[in-house]
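Please read the points below with the model open beside you, and check each one against the structure as you go.

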Amino acid sequence: MLLADRVLFIDAEAMVLDKPAGLPVDRPRDGSLSLENHLDALRFGFERLPMAVHRLDRDTSGCLLLARNPRIHKKFQLAFERGEVTKTYLAVLDGIPKEADGRIDLPLNKVSTAKDGWRMIVEKRGKASVTNWEVVGFADGRALVSFTPETGRTHQLRVHAASGIGVPILGDPVYGAGGTPMLLHAYSLSVRRENHPAVAATAPLPQSFIDMGFCYG
């Protein structure tokens with residue numbers, strides 16, 4: 001896998017990578033390959049290794065922002081914390097929602113049990129989590145949905161699809177039926193900068209979505 005061929009945006013400060021589904025950002029406990037194993041090939045002449053600014057689930061594909069030095073990494077992380085990063089995700093839902101669009105405002109909290117491991121649940125005392133969504137396509141009894149999150153909680157879109165819309169993301173092994181690859185894609189990302197043009201990128205729809213009969217853009 002040549003991640004250098006999947007770079008969507010690059011300059012002296014930032015890089016946006018079209019992360020393939022199946023590649024974890026953080027090194028797994030079993031020591032299998034992760035983004036870390038590919039960072040040296042993503043230097044592009046810089047002495048420092050690029051650093052991921054945020055996280056995408058292992059099975060989520062699409063736009064991943066990397067910073068090319070620690071100072072810029074801190075700036076981008078602050079932009080995420082302040083809600084200054086615009087992100088759009090696409091997902092195939094395992095069914096058709098009753099509504100065509102909406103806004104989900106459901107706080108999320110992390111729980112863990114010896115039997116099931118950890119997951120996120122809707123809970124009043126959880127962290128505020130808000131997602132805007134819209135159906136943008138249909139195929140074979142399933143819907144393609146565009147998500148625009150206002151917050152960035154762990155598993156936010158996956159839980160909001162299952163508990164907010166009432167239809168889980170196809171292939172979600174935790175909040176849905178699993179059984180197939182999970183079809184969740186970070187379609188676009190944009191971050192404004194003071195002295196430079198915005199970091200902006202769009203990741204083309206993966207073949208897995210196309211094989212299900214969907215197109216977008």
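How much space lies in the largest pocket?

1. About 1400 Å³ of space lies in the largest pocket of this predicted model. A pocket, on a 1 Å grid over the protein atoms alone, is an open set of points where a 1.4 Å probe fits, with protein on both sides within 12 Å along at least five of seven lines. Its volume is the space filled by probe spheres set on the points, which are joined across faces, edges and corners.

2. Before going further, note how the values were made: residues are numbered from 1 along each chain as its sequence is written, and side-chain values use heavy atoms, with hydrogens and water left out. As the model is a predicted one, local features need pLDDT of at least 70 and side-chain atom pairs count only at pLDDT 80 or more, while totals for chains, interfaces and linings use all residues.

3. The largest pocket is lined by 36 residues, and R55, L56, D57, T154 and H155 lie nearest its centre; a lining residue has an atom within 4 Å of a point. The elements that give two or more residues to this lining are helix 1 (70-81), strand 5 (85-93) and helix 2. Helices (H or I, at least four residues) and strands (E, at least two) are DSSP runs, numbered from the N terminus. By class, the lining has 14 nonpolar, 8 polar and 14 charged residues, where Ala, Val, Leu, Ile, Met, Phe, Trp, Tyr, Cys and Pro count as nonpolar, Asp, Glu, Lys and Arg as charged, and the others, Gly among them, as polar.

4. The second largest pocket holds about 420 Å³ of space, and of the 14 residues that line it, K75, E84, R192, R193 and E194 are the closest to its centre. Helix 1 gives the largest share of this lining, 5 residues. The lining consists of 5 nonpolar, 2 polar and 7 charged residues.

5. Helix 2 (residues 156-165) is mostly covered, since 7 of its 10 residues are buried, a word that means under 20% relative accessible area, whereas exposed means over 50% and partly exposed lies in between (1.4 Å probe, protein chains only). The buried residues are Q156, L157, R158, V159, H160, A161 and I165. Just after helix 2, G166 takes a positive phi of about 95 degrees.

6. Why is strand 4 (residues 60-67) largely enclosed by the rest of the structure? The reason is that 8 of its 8 residues are buried. Strand 4 pairs with strand 2 (residues 14-19) in the antiparallel sense over 6 bridges, pairing being called where DSSP finds at least two bridges between two strands, and here L66 is the bridge partner of M15. Strand 3 (residues 51-52) also runs antiparallel to strand 4, with 2 bridges, and M51 stands opposite A67. With strand 11 (residues 184-191) the sense is parallel, over 3 bridges.

7. T60, which lies in strand 4, stands opposite L184 in strand 11 and is buried, with a relative accessible area of 2%. Leaving aside neighbours within four places in sequence, T60 is in contact (heavy atoms within 4.5 Å) with K19, P20, A21, M182, L184, H185 and A186.

8. A search of the whole structure finds 0 disulfides, a disulfide being a pair of cysteine sulfur atoms within 2.5 Å. For C63, the nearest cysteine sulfur, that of C215, is 18 Å away. C63 counts as buried at 2% relative accessibility, whereas C215 counts as exposed at 65%.
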